[in-house]
Amino acid sequence: MFDLIIRNANLPDGRQGFDIGLKDGIIATIEKRIDAVAGEEIDATGRLASPPFCDPHFHMDATLSLGMPRMNVSGTLLEGIALWGELRPLLTKEALVERALRYCDLAVSQGLLFIRSHVDTSDPRLVTAEALIEVRERVAPYITLQLVAFPQDGYYRAPDGETSLKRALDMGLDIVGGIPHFERTMDDGRRSLEALCRIAAERGLPVDIHCDETDDPMSRHIETLAAETVRHGLQGRVAGSHLTSMHSMDNYYVSKLIPLMAEAEINVIPNPLINIMLQGRHDTYPKRRGMTRVRELMAAGLNVSFGQDCTMDPWYSMGSADMLEVGHMAIHVAQMGGIEDKKKIFEALTINSARTMGLDGYGLEVGCKADLIVLQAADVIEALRLKPTRLAVVKGGKVISRSAPRIGELFLDGRPTSIDPGRDYVPKEPS
Ligand SMILES: [Zn+2]
């Protein structure tokens with residue numbers, strides 16, 4: 001007797017038509033045909049079941065604040081920073097909690113159940129940290145929320161940057177953040193990384209740095225971050241977010257940098273939507289893409305996962321909590337359109353992110369936690385192409401969200417009367 005059986009599902013590794021039996025919060029079996037009953041059954045009808053999506057880089061204190069107190073007219077990073085500066089003194093705990101919970105509702109409906117959010121600690125009131133700690137507790141039954149103490153205005157540059165970050169960690173934030181390229185000088189940035197990695201080592205915490213989010217080919221903070229990671233024995237527990245300057249760096253230098261990053265087991269988190277939108281703004285033409293070297297980093301064995309960064313906030317007016325939108329953009333910007341490339345991009349949105357976030361029991365395998373999603377697509381490649389409806393979202397063996405499949409009706413003489421984009425257009429297997 002199972003709590004829930006998903007019938008006739010395709011699996012992310014390409015196997016087709018399997019039943020998945022969930023019991024006591026665990027994936028108990030995956031086999032061709034489960035001859036048993038369950039409290040509830042879902043017929044996946046030959047569509048993809050996947051582990052839920054993970055977003056390893058987000059800003060939940062800013063999300064859904066679009067238009068508050070005004071719109072970003074130019075759409076630039078600088079106006080976004082100025083806008084956040086205007087909004088920050090007006091933030092209240094209640095409003096932050098309400099926005100974050102509303103965002104989490106949307107995330108659940110999109111099958112996004114694991115989120116790492118940076119939390120701006122620049123305002124010494126720390127109302128952001130207070131609010132998101134409450135949100136972390138309230139969403140815990142359905143979303144795993146990790147919180148990064150993020151000195152947005154600079155660890156050294158902001159008047160209370162050092163003390164506020166430490167106080168936020170004392171309050172219970174999970175991860176040490178930083179923004180070395182925003183400190184006053186390259187040397188202040190370097191010193192901030194030394195200090196932040198030391199704090200992480202002393203407190204036994206992971207590190208996640210907004211690192212080299214510029215087009216400056218001479219930005220060198222990722223080198224320092226990798227070296228400090230090794231020096232403090234933090235291998236595998238440190239993430240370099242963005243790393244856009246690597247796009248512009250000298251190739252010879254990068255040939256030395258990537259092995260150093262591999263030695264430090266840096267988790268690489270590009271944010272394709274934001275990076276393509278905000279980088280290269282000083283270029284005329286040709287315009288740089290402002291995305292780090294995804295293919296080369298993956299080839300060197302680094303763990304690459306993608307973040308969404310923003311949804312409807314001062315920096316980015318778009319976004320929909322859809323990690324497939326992020327993967328879709330990654331395929332284009334990183335020019336990874338091959339079959340194996342796309343499979344790697346899907347892994348970056350799921351198992352690689354889970355590794356970045358240090359999640360236990362994640363995956364669509366027997367013995368893993370009973371968390372999964374069913375999509376209106378046949379396989380991972382179709383999922384990336386279509387960004388399809390999440391037909392079912394399962395957490396701990398219980399269905400927590402359902403959506404009807406998107407079926408288009410047609411009223412054309414001599415043509416089909418309905419279209420299922422996730423079934424009628426699946427490429428035929430070559431004969
Ligand atoms: Zn960010």
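Which protein donors hold the zinc ion? They are H57 (NE2), H59 (NE2), H210 (NE2) and D309 (OD), lying 2.1 to 2.4 Å from the zinc ion.

## About the model

This is a predicted model, where local features need pLDDT of at least 70 and side-chain atom pairs count only at pLDDT 80 or more, while totals for chains, interfaces and linings use all residues. Residues are numbered from 1 along each chain as its sequence is written, and side-chain values use heavy atoms, with hydrogens and water left out.

## The zinc site

Donors here are N, O and S atoms within 2.8 Å of the metal (3.2 Å for Na, K and Ca), and with no water among the atoms, sites may look incomplete. Along the chain, the zinc donors are spaced H-x1-H-x150-H-x98-D. H57 sits in strand β5 (residues 53-58) and D309 in the loop between β12 (303-304) and α10, so this pair ties together parts that are 252 residues apart in sequence.

H57 is buried, at 0% relative accessible area, and D309 is buried too, at 4%. Buried means under 20% relative accessible area (1.4 Å probe, protein chains only).

## Helices α10 and α11

Strands and helices are DSSP runs numbered from the N terminus: H or I for helices (at least four residues), E for strands (at least two). Helix α10 (residues 323-333) packs against helix α11 (residues 339-349) with axes 10 Å apart, at an angle of about 140 degrees. Those axes are lines fitted to C-alpha atoms over the stretch in contact, with angles running from 0 to 180 degrees between N-to-C directions.

From α10, M323, L324, G327, A330 and I331 meet K342, I345, F346 and L349 of α11, where contact means heavy atoms within 4.5 Å.

How values were computed. Buried < 20%, exposed > 50% of the residue type's maximum accessible area, 1.4 Å probe, protein only.
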